[in-house]
Amino acid sequence: MSLLLVVTVAGFGLFIWWFVAWYFELPTALLPSPVQCWDAGLENRQVLFDAVFKSTGLASVAGLATSVVLGSLLAMVFSQSRKLRLALFPYIILLQTVPIVAIAPLLIIWSGYTFRTVLIVTVIVSLFPIVNSVTTGLLSIDKDEMDLFRLYRAGRFKTLRSLQVPSAVQHLVIGAKTSAALAVIGAIVAEFFVGDATNFTGLGTLMTGWQALAKTDALIAALFCSAFLGLALFGIVHLAAVTILRRWVVA
Amino acid sequence: MSLEIPEGEILSLVGPSGCGKTTLLRVLANLQQPTAGEVVLNPAIRGDLGQIAFVFQQPTLLPWRTALQNVVLPLELLRQSNPLGDSSGGSSGGSSGTNAKTRRECEEIAVEMMRQVGLGDALQRYPRQLSGGMKMRVSIARALVTQPKVLLLDEPFAALDEILRDQLGDLLLERWEQQRFTAVMVTHNISESVLLSHRIASIQKGQIKELIENPLPWPRSGNVRGAPGFGDLYRRVSLSLHDDPKQG
């Protein structure tokens, strides 16, 4: 039933798109029809496949994974001291607020036109939601649960390991879902800058290349691929969360 | 306020919300510092060996741990904070329950305690799979698993219905017969305070207004409710709570 709804809405959207392109007799370079985009996608299926599953996909997954690990560790450090939070949290926020297009050129100077640069950008973009939500999780512990641990003289480390970390897992999941979408965006934006179609073919690279060639149909096909990648990554995080969280979630 | 609680006594604190009952409990548990005055504990009682236990108003079970793992928790925490497992402060009592135990021993003790509260067959269930009454039983088992000398209860049954409250009251009496802890219980429920205590302190504005001896005979169980004297005592506590505060 819900699948039917999804298909119906998507079909309706495609129809409108096709109708507009056909009725106004728009040139292909401006608005190609869905069929033309589909054909362009098929024609370029090899490069698109490589971009989705190798370059961009790999950068997103590796970047997200790095953010999850690094962000959780940072959050654990932050949870230990208020002073530390006051001193360092502004810089974490800075990561989020400074536009990535402004940092990217600098990163290219330091790290070159490499996959590594794409990875770094991806981490920068996807780190904040994780640090933020996990820190919140580690610090918003039920007062009675905290008292229970204090009553039995549990040390800092034991409290962190047996009370705070398990409580924060739900927050990590929320943060990771937000970061999953951001990681894909981060990777593609980084590829706009790093992109060099001869040795590095991410989705971002393909998009800038096809834009220059006015291959609008292929560009739109790449756009759909990036949407698919974002959904897939979100889905992976969701599935992992459901599996791990089964014990946590109230039935 | 000044209050002396003899060993092995169950004392009920009754009084309106916000009169400082919970604060008193938290001070007794050393979870909060008194703004003035002091708490003198029997020197044989050591919080670091789990001899003070607390039952919260909510069961406060960790949802990612099974019932059994929740009951093991105090032993586990104490085992880590006393890695050398130095033996308890020389006093009698024998069963101070927390000296250098292996993981397996802790688990056995916890299983036994779960049986004592009637949950021997719910060991591996998670809190969300337990009813409200069962959760509170687990909470009581967790408090008693270290064989505490002092048990502090903060409106432990307030969230439960009348029938469960009676059952858990019986459980508490039964455990007291076995373990003879000293208990301080905050409650809003007068019949609970009459049923479960040696003395009842009615508290108003942070002061003990009246300290009422409870003459009902021991051992007790729910049937004390029908005993002569129950009604009188109930009325007395009730009156003590309801007349106008006289400031002197």
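How many helices and strands are there in chain B? Color chain B by secondary structure and you can find seven helices and six strands; these are DSSP runs numbered from the N terminus, with helices being H or I of at least four residues and strands E of at least two.

A quick word before we go on. This is a predicted model, where local features need pLDDT of at least 70 and side-chain atom pairs count only at pLDDT 80 or more, while totals for chains, interfaces and linings use all residues. Residues are numbered from 1 along each chain as its sequence is written, and chains are lettered from A and ligands numbered from 1 in the order in which they are written.

**Stop 1: chain B**

Trace chain B along its sequence and you'll read β-α-β-α-α-α-β-α-β-α-β-β-α. Chain B has 248 residues, and 40% of them count as buried (20 or more other C-beta atoms within 10 Å of a residue's own, with C-beta atoms placed from the backbone).

**Stop 2: strand 3 of chain B**

Now select residues 150–154 of chain B, which make up strand 3; five of its five residues are buried. Both faces are covered, with B:V150, B:L152 and B:D154 on one side and B:L151 and B:L153 on the other.

**Stop 3: where the chains touch**

Show both chains. Their contact takes 17 residues from chain A and 19 residues from chain B (C-beta atoms, placed from the backbone, within 7 Å). On chain A's side, helix 7 (143–151) and helix 8 each give two or more residues, and helix 7 gives the most, with seven.

**Stop 4: two helices in chain A**

Finally, select residues 100–111 (helix 5) and 156–194 (helix 8) of chain A; they pack at an angle of about 50°, with their axes 10 Å apart. Helix 5 and helix 8 of chain A are therefore oblique to each other. To find the meeting place, show A:I100 and A:A104 among the residues of helix 5, and A:G186 and A:F193 among those of helix 8.

Technical notes: Axes fitted to C-alpha atoms, helices over the stretch in contact; angles between N-to-C directions. Parallel < 35°, antiparallel > 145°, perpendicular 65-115°, else oblique. Contact = placed C-beta atoms within 7 Å. Buried ≥ 20, exposed ≤ 12 C-beta atoms within 10 Å, placed from the backbone.
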